[in-house]
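The following exercises are to be worked through with the sequence and the structure at hand. Each task is followed by a solution in steps.

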Amino acid sequence: MPLPGSTDPLVLGIETSCDETGVALVSGYELLVDSVASSMDEHARFGGIIPEIASRAHLEAMIPTIRRALGTAGVGLEQVDAIAVTAGPGLVGPLTIGASAAKALAVALDRPLYGVNHVIGHAVVDELVDGPFPERVLALVVSGGHSSLLRIDDTVEVTELGSTLDDAAGEAFDKVGRLLGLPYPGGPHIDRLAREGDPEAIRFPRGLTAAKDQAAHATDFSFSGLKTAVARWVEAREDAGLEIPLHDVAASFAAAVADVLTAKAIAACKAHGVDTLVVGGGFSANSQLRDMAALRCEEAGITLRIPPIRYCTDNGAMIAALGSALVRRGRPASSLDLPVDSSMPLTQVLV
Ligand code: KG4
Ligand code: ZN
């Protein structure tokens, strides 16, 4: 039943697509609690997420994280009106743990279950911060696994405009971090170094921005050439016995990524006549991207919506927010035997 004083259904969201076990409660556009447990410390020494370790960690963290969320919000399980869970994309083992927990709750409480798309959750979470989306927005979702440009109508109707042809933005940061000898994940370390470097020190390539790419790939991204260019530049310095100016390499690399992401997103807004750009996903924590997006959107007269960093990385709030949007629109719930889908298409918002 809706909480006292509210007519909005109370949605419990569960996220387990990667290494974060996230549980959140959302009522309408209001976030009551967002509880997250991470297994990142257990993966760092392997230089990447180990799915089996993540699955085991989700299994151990699931019930304590649900209990903590309910306790913090002062809500009983019987007050929950609907369960939303990440159905994909993500790692199959971790997704299965979250889906199993969500199904068990849905059956035990006799409540509807919504299997939702993780990537779309990264955009829609912004409704909890900046309020309902206007009729049409453009979304740039950038994470360790995705760099996508989407047109979103009525919050839940998604058209995919483009995506990365090779590495995602966060993935490119993590790979460059490795070649610079930084701890995993390298993204936040490069961000920190870049803040003290000169973004114009080295002119790294901007993938798929040449005139010849504009026709076929105006809204697609490619970061693997950039990653290789950084590797070549660093190797050449090492071969010459010169020191690597880490701050300048980081700043010039980060500037190249932010330049391409923001230029393409703003061009797409103009091409589609959309005046609001939503930026989400773990990589939208990146300060070079945030700064450049703010500057360029202001110049272009585009309203920029980027949630605070704690809602950019994986969490349950994004899943509860998307569940809430679907419940509000009266969308039919998923079947209790819904499958998880590691490569769930971005146009599929709900299973
Ligand atoms: O969305 P997310 O938490 O997980 C995925 O669904 O992939 O994104 C994690 C990615 C990692 O590649 C991480 O290095 C990157 O986001 N990241 C950053 C920053 N914070 C996280 N990259 C650059 N700068 C940051 N501040
Ligand atoms: Zn994510």
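**Exercise 1: Glutamine 288**

In this predicted model, glutamine 288 lies in helix H11, which spans residues 287–300. Determine whether glutamine 288 is buried or exposed, and identify the residues that it touches.

Solution. 
- Step 1. The relative accessibility of glutamine 288 is 15%. Buried means under 20%, so glutamine 288 counts as buried.
- Step 2. Residues up to four places away in sequence are set aside; glutamine 288 then touches Asp191, Ala194, Arg195, Ala254 and Ala258.
- Step 3. A polar contact of 2.9 Å joins the side chain of glutamine 288 to the side chain of asparagine 286.

**Exercise 2: Surroundings of ligand 1**

Solution. 
- Step 1. For asparagine 286, the distance from a side-chain N or O atom to a nitrogen atom of ligand 1 is 3.1 Å.
- Step 2. An oxygen atom of ligand 1 is 3.3 Å from a polar backbone atom of glycine 145.

**Exercise 3: Packing of H6 and H7**

Describe how helix H6 (residues 169–179) packs with helix H7 (residues 186–194).

Solution. 
- Step 1. The angle is about 75 degrees, and the axes are 7 Å apart.
- Step 2. H6 is therefore roughly perpendicular to H7.
- Step 3. H6 contributes Phe173, Asp174, Val176 and Gly177 to the contact, and H7 contributes Gly186, Gly187 and Ile190.
- Step 4. By class, three residues of this contact are nonpolar, three are polar and one is charged.

Methods: Residues numbered from 1 in each chain as written. Chains lettered and ligands numbered in written order. Predicted model: local features only at pLDDT ≥ 70, side-chain atom pairs only at ≥ 80, totals over all residues. Heavy atoms only, no water. Axes fitted to C-alpha atoms, helices over the stretch in contact; angles between N-to-C directions. Helix = DSSP H or I, 4+ residues; strand = E, 2+ residues; numbered from the N terminus. Parallel < 35°, antiparallel > 145°, perpendicular 65-115°, else oblique. Contact = heavy atoms within 4.5 Å. Nonpolar A, V, L, I, M, F, W, Y, C, P; charged D, E, K, R; others polar. Buried < 20%, exposed > 50% of the residue type's maximum accessible area, 1.4 Å probe, protein only. Polar contact = N/O pair within 3.5 Å; in protein donor to acceptor, adjacent residues only side chain to side chain.
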